[in-house]
Amino acid sequence: MWWKSFVENIEQTIVGKGTYNSVSVVDCQKALIKREFWEDLFPNISHPPEKLAIRKGHKPGLDKGDVVDEIFLQCYCAFLGLGPRLFAAFYTDVPVAITNNDNRGQQITFDRISTWCEERKEFHPNNKLYREGTVESTVSVSEAWTGSVAVLFKVWKDTQDFKSLCAQSNFSDKLVGIIHKASEAGIFHGDITPGNLLYRVSDPSDYSTLELCLTDFDPGYCLLIDSRNRTPEIQKCMTTATVAMFLGFLKCYDSVVYKHINTPVFQELERVVSTTLLGTDPTCDFLASVSGGRFTTSSSRLHSVFDRDVAQVFRTMVFHYAGGDNNQHNPGVYPNCFKWTSNESLFRQLLSYCRNVGSSGAHSSGRPVVHDSPTPLPTSPSQFLKTP
Ligand SMILES: Nc1ncnc2c1ncn2[C@@H]1O[C@H](COP(=O)(O)OP(=O)(O)O)[C@@H](O)[C@H]1O
Ligand SMILES: [Mg+2]
């Protein structure tokens with residue numbers, strides 16, 4: 001397969017390596033990828049990429065349907081400008097090499113592309129052939145952005161001038177903007193943390209050129225909402241829930257950043273969603289009625305597959321990211337994390353938790369915040385979202 005040979009042999013630098021995924025960056029000029037290559041491959045391309053991000057994942061037994069859904073979500077979000085431009089994505093059972101490949105770019109031959117383009121026409125995400133069974137490796141080749149917002153936050157913190165850089169970039173408006181644009185397109189990305197938001201600046205000395213986009217479209221957490229359910233009210237509920245989860249994550253794990261961005265983010269959110277934010281809009285009931293601890297689905301108001309799916313992802317991610325799960329395992333380590341208190345809807349509890357800068361979780365120990373990374377998510381969504 002041509003793209004497999006491309007991602008194994010092109011000159012690249014590994015920038016991140018997790019248990020199952022590695023991300024490397026290709027400088028197209030250094031790797032001798034010519035402009036004509038992009039123009040032949042994508043005839044309508046207006047400006048070829050300068051850098052590529054290659055994400056290689058390897059884990060035996062990946063569900064092929066999940067993998068195909070993730071590719072589909074990547075394509076859809078790239079098309080809408082919600083995610084980085086995507087140039088190739090595939091799966092294979094033949095292991096994909098992960099190396100830096102210094103100076104190996106010249107080994108690639110660029111003459112088989114037309115054959116690959118023909119093969120591409122056969123693909124359809126609902127074709128059983130592409131969904132049944134398991135696979136071992138997945139690869140995507142997208143446009144490289146500057147980095148994740150986690151990195152941006154660190155850069156801003158290091159300058160000791162977080163607040164003014166954040167204001168100059170209009171970060172809060174752009175954050176709420178990209179999340180709401182996703183909601184309008186039917187994307188409920190339940191996993192928006194600083195690590196899953198990418199940023200770039202066209203002028204590094206001027207943060208007003210900041211742009212944000214989403215990454216990591218794991219279908220276990222990232223849902224495509226049926227077009228019948230994409231009413232403005234539901235879109236606003238999804239935006240509110242997603243922004244609240246993002247703020248909840250920060251309040252739990254990075255209170256410094258949380259204190260800086262909380263007020264402007266809420267102001268922008270209020271402007272975009274108005275009454276929904278107060279948790280009083282009845283259309284948010286599908287979230288507001290989520291109650292009880294993890295993995296319970298007993299609420300009688302959960303009446304459709306849509307409600308169940310969104311509510312389930314919402315509940316899972318609140319407990320994982322705003323602190324419930326991690327705190328249960330490490331009591332006292334993250335004293336500012338969200339704590340579930342019974343008899344009130346999770347949606348409203350999360351909103352008041354995020355809004356209130358002063359208060360921490362109901363059972364706060366008052367110990368100082370430790371800035372460790374949160375426990376990683378389980379890699380198999382089906383295993384995590386299962387209800388008892
Ligand atoms: N297109 C990209 N441009 C720049 N960096 C990227 C890009 N895609 C991923 N990354 C980096 O790799 C990290 C992991 O990517 P992600 O898509 O979240 O995969 P996963 O978390 O499943 O490993 C991101 O936090 C970001 O730092
Ligand atoms: Mg990620």
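1. At roughly what angle do the axes of helix 7 and helix 8 cross, and within what distance do they come? The axes of helix 7 (residues 171-184) and helix 8 cross at roughly 140° and come within 9 Å. Axes here are lines fitted to C-alpha atoms, for helices over the stretch in contact, with angles from 0 to 180 degrees between N-to-C directions.

2. A word on the basis of this note. This is a predicted model, in which local features need pLDDT of at least 70 and side-chain atom pairs count only at pLDDT 80 or more, while totals for chains, interfaces and linings use all residues. Residues are numbered from 1 along each chain as its sequence is written, and chains are lettered from A and ligands numbered from 1 in the order in which they are written.

3. Confidence comes next. The average pLDDT (the predictor's confidence in each residue, from 0 to 100) is 81 for the protein, and 76% of the residues score at least 70. Residues 292-303 have a pLDDT below 50, and this stretch has 19 contacts beyond near neighbours in sequence. Two residues are in contact if their C-beta atoms, placed from the backbone, lie within 7 Å. Residues 360-388 also stay under 50, with 48 contacts beyond four places in sequence. Where pLDDT is low, the predicted coordinates should not be read in detail.

4. The overall make-up is as follows. The protein has 14 helices and 10 strands; these are DSSP runs, helices being H or I of at least four residues and strands E of at least two, numbered from the N terminus. Of its 388 residues, 39% count as buried. A residue is buried if 20 or more other C-beta atoms lie within 10 Å of its own, exposed if 12 or fewer, and partly exposed in between, with C-beta atoms placed from the backbone.

5. Back to the helix pair of the opening. Helix 7 and helix 8 are oblique to each other; angles under 35 degrees count as roughly parallel, over 145 as roughly antiparallel, 65 to 115 as roughly perpendicular and the rest as oblique. The crossing is right-handed. A crossing is left-handed if the near helix is turned anticlockwise from the far one by less than a right angle, and right-handed if clockwise. Residues V176, I179, H180, S183 and E184 of helix 7 meet Q235, M238, T239, T242 and V243 of helix 8.

6. Helix 8 (residues 232-253) also packs against helix 13 (residues 346-355): their axes come within 9 Å and cross at roughly 50°. That makes helix 8 oblique to helix 13, and this crossing is left-handed. Helix 8 contributes A241, A244, L247, G248 and K251 to the contact, and helix 13 contributes F347, L350, L351, Y353 and C354. Seven of the 10 residues of helix 13 are buried, so this helix is largely enclosed by the rest of the structure.

7. In helix 3, the buried residues are V67, V68, D69, E70, I71, L73, Q74, C77 and A78. Their cover includes strand 3 (51-63), strand 4 (86-92) and strand 5 (134-143). Just after helix 3, G81 has a positive phi of about 80°.

8. Two residues other than glycine also have positive phi. L32, in the loop between strand 2 (21-27) and helix 2 (35-41), has phi near 60°. D216, in the loop between strand 9 and strand 10, has phi near 65°. L32 counts as partly exposed, with 13 C-beta neighbours inside 10 Å, whereas D216, with 22, counts as buried.
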